[in-house]
Amino acid sequence: MKIAVLKETAAGETRCAAIPETVKKLIALGAEVAVESGAGEHASITDQDFETAGASMGPRGGVLKGAQVILAVQGPEPASLEGAEPGALLVGALDPTRRGADIDAYAGAGIEALAMEWMPRITRAQSMDILSSQSNLAGYKAVIDAAAAYGRAFPMMMTAAGTISPAKVFVMGVGVAGLQAIATAKRLGAQVSATDVRSATKEQIQSLGAKPIFVENVAGIEGEGSGGYATEMSDEYQKAQAELVSGHIAKQDIVITTALIPGRPAPRLISDVQVQTMRPGSVIVDLAAEAGGNVEGTAPGEAVERHGVMIIGAANLARTLAADSSALFARNLFNLLSAFWDKDAGKVVLPDEDEIVKGIRLTHGGKVVHERLTAAA
Ligand code: NAD
């Protein structure tokens, strides 16, 4: 079975869907791996590194010729996939809800598209979860970016010239990114507090040595929807949360927001009036910027100043750690392929009834088959 690894063409994309380690492991399974020249350029991987791992290198046309699996970070231009075998698997972050026309084109070209971001949240699939692997790095980098933009230090320092007090960091939304943000801010010596709507996160916050800030006075709140994701909260809860946040936020130096609700715009957690209560020089990093933002006034990919407070609309932070984000992404893809590797057939075999296959398979036999897409159409 021939596996092609593409060089990313999207603006700003730095990651690569394979690393030498995963190339070696794919070859050990029995595959042949061809990597497009320059694919690892921004992730500090040279063509020579891939060759040493056993891959052949070349331009896209040659790499795709006869390929039965195509690995990519982002969905490639459908027209650029000519030469792949009919029925070839395309595996990557294909952004199916926003790139419907491309998904239709993959189907038309006989490509079987697998969207890694729709991986079901089951234990068996944890090692294949690109959202988790990339969010973890984003949570870390959000704190590093906040520290860089903040004109004071994070840890308490007792010096001969006097004492510097520790920064107060508040993390809103304690999923994968939020947990890593808490851990990173703690490591830097900040005083950390955090909030979420899922009550299960309270213990996780405490176990990282941070202080939980939770709405306690609205009854019957669980906040947990399916697959460990949050649900949209009642008006009563939102009001109570806004009051709680107002009281707390005025005393914070750094706020990291990460709150997302699947299939909905990001919940608005901080208003302009609340930003105004923060001390000048404070920094907010909004990791939900691309989903509409948790903070009023956020602009994705930009840093804006409001009332002396810097609001950083973080976009694709994992890309700024290209070597690590590529390594984790590449291992997520390898874990999928190896889980479905049929030793006797010497190739990947995807059973129709498997929960993972049903979760990520967008196209099959020339048609769009995923129910989330066919229902929308
Ligand atoms: P996410 O990115 O969808 O959301 C980030 C956080 O924002 C979540 O914790 C959510 O509860 C919170 N949030 C939403 N609305 C909010 C509001 N109004 N106020 C405050 N917080 C709000 O979440 P995620 O990081 O993808 O992870 C969610 C959960 O899923 C975690 O418990 C994680 O461990 C679990 N998970 C499981 C698997 C698996 O089993 N395979 C994989 C990944 C994640």
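What is the volume of the second largest pocket?

Author: This is a predicted model. The second largest pocket has a volume of about 210 Å³. Its lining is made up of 14 residues. Nearest the centre of this pocket lie M1, G87, L89, K347 and V348. Sorted by class, the lining of the second largest pocket holds seven nonpolar residues, three polar ones and four charged ones.

Now the ligand. A shell of 23 residues surrounds the ligand. R121, S132, V176, D196 and R198 are the closest of them. By class, the shell around the ligand has eleven nonpolar, eight polar and four charged residues.

For R121, an N or O atom of the side chain is 2.7 Å from an oxygen atom of the ligand. For Q126, a polar side-chain atom lies 3.4 Å from a ligand oxygen atom. Q241 faces a nitrogen atom instead: an N or O atom in the Q241 side chain is 2.9 Å from a nitrogen of the ligand. On its own, the ligand has 850 Å² of accessible area, and the protein covers 87% of that.

Inside the order, β12 (residues 254-257) pairs with β13 (residues 283-286). Their pairing is parallel and runs over four bridges.

Technical notes: Residues numbered from 1 in each chain as written. Predicted model: local features only at pLDDT ≥ 70, side-chain atom pairs only at ≥ 80, totals over all residues. Heavy atoms only, no water. 1 Å grid on protein atoms, 1.4 Å probe; cavity = no way out; pocket = protein on both sides within 12 Å on 5 of 7 lines; lining within 4 Å. Points joined across faces, edges and corners; volume = space filled by probe spheres on them. Nonpolar A, V, L, I, M, F, W, Y, C, P; charged D, E, K, R; others polar. Near = heavy atom within 4 Å. Polar contact = N/O pair within 3.5 Å; in protein donor to acceptor, adjacent residues only side chain to side chain. Areas by Shrake-Rupley, 256 points an atom, 1.4 Å probe, with all protein chains shown as cover. Pairing = 2+ DSSP bridges. Helix = DSSP H or I, 4+ residues; strand = E, 2+ residues; numbered from the N terminus.
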